[in-house]
Amino acid sequence: MALNVVTALGTTAMEFITRHAAAIAVPATLILALAVMTTIIPLLRRSQGKQPPSLSDTIPFVSNTYQYILNLEAFLARAVSAWGLGGSTFSAGVQNIQLMLGQSNDIVSEPFMIMVFQNMWNFTPEDLAKFATDKSGRLQHPRVESETVPDRQRYWHGVHHIYSEYMTKARYSSRMADKYADFFSTQLAAHSTLDEWTSVSLFGFVKQSMAHSAVAALLGPHVLGLNPGYVDKFWAFDDIVMYIPFHAATGRYLDAALAHFDWDGPEAASDWEEHFGSAQGFMSLIVFALNANTIPITTWALYELVKDPALFQEVRAEVLQAYIVDATTGERKIDVQKLTALPLLQSIYTETLRVHMSLNLTREVNNTVVVEGYSLKKGAVLQAITQLAHLDEATWGREGHPASEFWAHRHLKHVPRLEKGEGGSVLELFMAGKSGSFVPFGGGPSICPGRVFAKQEILLTLVIVVARFDVEFVAWTKLDGSPLDRSARDDATYIGSAAVPPDRDMKLRWKRLW
Ligand code: HEM
């Protein structure tokens, strides 16, 4: 049962947790153990026995709050084992996830997004009020009760329209991906030498160079020139340390972009313009921090490749097929269409997202719905925990390769070449029947609109490094570069909220081949 029901603040256990955590600074693990033992475990047992609890019994926490006072990593690990997911129990969970993430007016994401706009994105009260009063929904047709709302006051639909018309369209994301590949190649050239070995701290390098290149591709390069240290401010924001300087820096970029942009000129109709970046860049500002997902995922994939030289060579042989030679310039270029069809690379991408994406997808009940006999009333908050779906042993486990571990070949199968009469077999990506168990980008009207670009960005980064560099592992270090004798693990502070970055850096040496 990967559907987690959360009531609003005010349930008894929640009050207990918040009051005691604040007043007597009880260690987080103790509070967690108490919450799990006294409330959650009995509820889980009961729910397995199919006796619907009353709403006042529902699992008592609110993710934002418990993230700060409880040990969410330990809680989720406990939940995975306590639920004992597998077989028919989990297939019920998958249906619940699909129900929750579907295109429905009964279960919606808007109240959660308003909380995010207010707490993370510094929306003015006026703008917040516009979104809060628009009940017409995100879809093209307004909800029945809002049919008279004029189009220009359908703010949610406006945002959704930009996502679907610009962010997810291949025309724009491919243009942005091309720009990204150019910027990233320039970064790589500046941090390596042809035919000579250079030392690099991989995570530190990827954090700077990928963020720099993605920002330049998304918003145009001027944001970086106008704001020295923009990427550092972004990471400080990501740590929720200094978010005001980051918003101020973005504001400076917007002011300058608006001052320089010629709305009547040819740029107004182009796919990519240097002041605004792509047409999607402007509207993507409010969710820019989500770009942080691509960098941890790419870093983990690179860690796996560097740790395993045989896998590195296998991937290199595959990705070289995605390069084409430009007939006019003689330069080698990546064919993005070919890239997204390479089975091993896709399996590694899927596997990295499966293992390291940890987000509690959140929705609110808008009209009463009945789920497996549980009546969920308006205002109840629902969470689908990606980790429960992604780490389910029955769905993902293979002999010698438990679901909790990365395995590059997990999503591949050999398909006979019979139709071509050539004999033998080819490798193909195999995800049949697993879509409900793999939700790194969420679903429904709120599904991540950056997913097309994100995939291109991640795959391009992996291909460029693997094809053009010889790489040797040197040592694991702490994030500040100091020595350490253990390998990287998920940084527990990100569990439940995003793609989880590694808690350690990898020192390596690399040599650029071309
Ligand atoms: C590996 C990379 C990424 C992952 C795993 C990821 C994941 C997600 C998830 C899980 C959501 C919430 C979906 C839901 O509630 O159903 C989301 C929302 C969003 N993402 Fe991404 N994301 C990634 C990259 C990106 C990029 C590169 C962009 C922008 C270019 C982006 C823009 C957004 C936006 C705008 C939303 C909010 C959608 C809304 O208004 O509801 N994401 N993302």
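The legends below describe close-up views of a predicted model.

Local features are reported only where pLDDT is at least 70, side-chain atom pairs count only at pLDDT 80 or more, and totals for chains, interfaces and linings use all residues. Residues are numbered from 1 along each chain as its sequence is written.

**View 1. Overall composition of the protein.** The protein has 21 helices and 16 strands; helices (H or I, at least four residues) and strands (E, at least two) are DSSP runs, numbered from the N terminus. Of its 514 residues, 37% count as buried. A residue is termed buried if 20 or more other C-beta atoms lie within 10 Å of its own, exposed if 12 or fewer, and partly exposed in between, with C-beta atoms placed from the backbone. Among contacts between residues at least 6 apart in sequence, 71% join residues at least 24 apart; a contact requires C-beta atoms, placed from the backbone, within 7 Å.

**View 2. The largest nonpolar core.** This core has 87 residues, and those with the most contacts inside it are Tyr180, Val215, Leu302, Leu462 and Val463. Helix 10 (residues 202–219) supplies the largest share, 11 residues. At least three residues come from each of domain 1 (3–109 + 359–390) and domain 2 (164–358 + 391–408 + 425–512), the bounds being taken from an automatic or database domain assignment. A nonpolar core is here a set of buried Ala, Val, Leu, Ile, Met, Phe, Trp, Tyr and Cys residues joined through C-beta atoms within 7 Å. In soluble globular proteins, nonpolar side chains tend to be buried together.

**View 3. Surroundings of tyrosine 180.** With neighbours within four places in sequence left aside, tyrosine 180 is in contact with Ser213, Ala214, Ala217, Glu457 and Leu460.

**View 4. Helix 21.** Helix 21 (residues 451–468) has 18 residues, which at 1.5 Å a residue should span 26 Å, and its end C-alpha atoms are 26 Å apart, in agreement. The expected span is 1.5 Å times one less than the number of residues. Because 15 of the 18 residues are buried, helix 21 is largely enclosed by the rest of the structure.

View 5. Cysteine 448 is found in the loop between strand 13 (425–429) and helix 21. It counts as partly exposed because it has 19 C-beta neighbours inside 10 Å. Apart from neighbours within four places in sequence, cysteine 448 is in contact with Phe441 and Gly442.

**View 6. Strand 8 and its pairing partners.** Eight of the nine residues of strand 8 (residues 357–365) are buried, so this strand is largely enclosed by the rest of the structure. Strand 8 pairs antiparallel with strand 11 (residues 381–385) over five bridges, and leucine 361 stands opposite alanine 384. Three bridges join strand 8 to strand 15 (residues 497–499), also antiparallel, with methionine 357 partnered by alanine 499. Strand 2 (residues 107–108) is joined antiparallel to strand 8 by two bridges, and valine 108 stands opposite glutamate 364. Pairing requires that DSSP finds at least two bridges between two strands.

**View 7. Strand 16 and its pairing partners.** Strand 14 (residues 469–477) pairs antiparallel with strand 16 over eight bridges, and threonine 477 stands opposite aspartate 505. Strand 3 (residues 197–201) pairs antiparallel with strand 16 (residues 505–512) over five bridges; here serine 199 has arginine 509 as its bridge partner.

Notes: Contact = placed C-beta atoms within 7 Å.
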